[in-house]
Amino acid sequence: MRGKEERENMRSDDGYLPLFETRRERVRVMAYRVFATTVFVGIALIWVYRGSHIPGAGEDGRLGWIGMFGAELWFGLYWVLTQSLRWNRTFRFTFKDRLSKRYENELPKVDIFVCTADPSIEPPMMVINTVLSVMAYDYPPEKMSVYLSDDGGSDLTYYALLEASFFSKHWIPYCKKFKVEPRSPAAYFLSHHHHQSDESQDLASIKKLYEDMEDRITNAVKLERIPENIRLKHKGFSQWNSFSSRKDHDTIIQILIGGRDMAAKDVEGCTLPTLVYLAREKRPQHPHNFKAGAMNALIRVSSEISKGQIILNVDCDMYSNNSHSVRDALCFFMDEEKGHEIAFVQFPQNFDNVTKNEIYASSFRVMSDVEFPGLDGHGGPLYIGTGCFHRRDILCGAKFSKESRIQWRRENVGNVEESVGELEERVKGLASCGFEDNTQWGREVSLSLSLSLTHTHTQKGYLKHEFLPKMGLKYGCPVEDVITGLSIQCKGWKSIFYNPARKGFLGVAPTSLDQTLVQHKRWSEGDLQILLSKYSPAWYGLGKLSPCLQMGYITYCLWAPNCFATLYYSFVPSLYLLRGIPLFPQVSNPWFIPFAYVIIAQYTHSLVEFLQCSGTVLGWWNNQRIWLYKRTTSYLFAFLDTMLLLAGFSETTFIVTNKVSDPDVSQRYEQELMEFGSAAPMFSILATLAMLNLIIFVVSVVKRSVFGIMDMQIVLCGVLVLINLPVYKALFLRKDKGKLPSSVAAKSVLLGLFVCTCFVFLF
Ligand SMILES: O=c1ccn([C@@H]2O[C@H](COP(=O)(O)OP(=O)(O)O[C@H]3O[C@H](CO)[C@@H](O)[C@H](O)[C@H]3O)[C@@H](O)[C@H]2O)c(=O)[nH]1
Ligand SMILES: [Mn+2]
């Protein structure tokens, strides 16, 4: 691989060795650029053909033709945008040995934020496995603090964390002794069947401890309450005495390990990382701003307890799979030459429950292996929420200046005399829901919100805590992460994408079609809102981001509007087939060549790219299906909802993804059987489109002699039928609970027939 890549800064002239290295592909990128140019010529020829062959007024198919022209213009222009992601792939490599040689005694403090929101769909056992995995990082424990933000305000989650704090005293020394990977106990026990003999004794006993803890927690979860004896033993539970509901309660905070009192030691006598539970105050009349609100409360609370200069954020389902990730991230931040420009280091989102052929396209392979390295070549990837290291000062709004260098100092925060109890009382106010009124925290995303917010900085606590120019994560957008990262990059900061061979984080991907589509609706809706907001990469980013990075952002922001061209393509040519009106050139026509070339070249390229990202052929095919489904449902709904939001008829929501599923749903997931199981409106759209194409395909095959001239239209219709096979199965053949209900079957058949009949006879 090496010869083909250009390697930067191996060693500068003065003999200085950098902490990380950057490699850019050269040969491959050049080859790709040539290929892309030929595809572009093809696309341009298609446009020329469409533009020069529009049927005259009154002729059959004029409207349909103009629509095709519109769709192909859109597809072509969108394709141009996506080229930015493939133009300059860049890969990063770290030198952790150099880091420890130079800085082992001056490593900065790191605060780790884990967010959870609902114990019923984010089980406490999963949450504490994530917490334990990050507590066990290979990093000086006295410099590490782990905060769990619980938007569910659940005493069950709190109880689980309390149990985890005891278990960590055994788990962390065990991990260090045997250099365990991964350091999430559940994942470790699952993957470790073989082990050395001297380890097996220890393994058996630590496993026993874990399972006992698991029993206690799952029992409490089943009972939905904490056993009385435990409740009485730990004073922390008293904070739930005044609790009325998860939407209405005081701040609950508990420093379980550490803080001022560094007495907490593990069984080997080593210090443990600080561990804090936080459920910020919630009141029904106060918008809580979802994850962004939780993160901002964490930023403030941690600034009084530990004030780590580096902040790592993970979702509660994303355990650390690599105990060196903190050191990897620091290699970027602490690099003497380039480190001071870097605002955040984003790891890819990987999942440990993706099946071989990823039926819901949830592995994001191409995104992690192609698109994000591509963005990294233009100034840095997007911030995508979990698995991201930030510099605290920048996350809080620091401006970029070329000269500024970072001081990696260890600060002692607060008053050393203060007891843990006093400290807890003091920081409670920082997590109250009124704290941010009249401050710059999370300020405006424009849209509807911007008008109602004022920018005065008069609140006392605000000034007192020196948060004046600081802001944190942005509110009002369902993808708080992307918009926050964008605003940081617009200030001139760089970001880094780091994708090591041993994955940094592993999470839980959705296991049903419904969840996948809802998640993508949230994402595409949020991205579209960004495009229309004050921070639009198109306008606001002008001159602040490199043009290629702007294009990269816009590709994601245009997910939602993408629905129209795809919807059009997925039924209009088929309907015209029924009427015998051709919308594509015949095979014998020279204009057929650009169509054939673009389609074949693009699909071959996408397949090869997917295989190079270690996917399977069937996985690629499944990806195409989900691509179609997202565009015809999630994106459409996201577009409509955004319009309603703009018109002031709806509010931003955040539907948390379910991380547990019934055993039979899981079983079908393992078998890669698509899970429908409800009559959701999105499924009706999918089923109707599928039925429509099936009906037309059958009719046109039967009457093949009549329609023989329209090969491309038949092929398109046939491919749509082929890709929809799982839908037909779910409509008519399956008996299990994951099938489509018969009401959807009836509706889609009737609607399909109705549309076809109307089209043939009425127009
Ligand atoms: O009111 C809320 C809602 C969510 N969360 C947490 O936010 C995280 C992400 O939620 P999830 O339902 O898992 O959404 P995903 O679509 O998987 O999340 C991706 O997309 C989100 C933006 O849409 C980002 O916030 C996430 O970091 C990113 O991983 C989870 O840990 C939740 O517990 C909260 O803390 N408070
Ligand atoms: Mn998630």
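Student: Where does UniProt place the feature "binding site"?

Tutor: The unreviewed UniProt entry places this feature at Lys291 and Asp315; UniProt positions follow the numbering used here, feature names are shortened, and annotations may be inferred rather than shown by experiment. They are spread over 25 residues of sequence but cluster in space, with a largest C-alpha distance of 9.6 Å. This is a predicted model, in which local features need pLDDT of at least 70 and side-chain atom pairs count only at pLDDT 80 or more, while totals for chains, interfaces and linings use all residues. Residues are numbered from 1 along each chain as its sequence is written, with chains lettered from A and ligands numbered from 1 in the order in which they are written.

Student: Why is Lys291 called buried?

Tutor: A residue is buried if 20 or more other C-beta atoms lie within 10 Å of its own, exposed if 12 or fewer, and partly exposed in between, with C-beta atoms placed from the backbone. Lys291 has 23 other C-beta atoms within 10 Å, so Lys291 is buried.

Student: What makes Asp315 buried?

Tutor: Asp315 has 25 other C-beta atoms within 10 Å and is therefore buried.

Student: Which residues does Lys291 touch, not counting residues up to four places away in sequence?

Tutor: Lys291 touches Cys115, Glu480 and Phe654; contact requires C-beta atoms, placed from the backbone, within 7 Å. Asp315, leaving aside neighbours within four places, is in contact with Cys115, Gly385, Thr386 and Gly507.

Student: Why is Phe697 called buried?

Tutor: Phe697 has 20 other C-beta atoms within 10 Å, so Phe697 is buried. Beyond four places in sequence, Phe697 touches Cys717, Gly718 and Val721.

Terms used. Contact = placed C-beta atoms within 7 Å.
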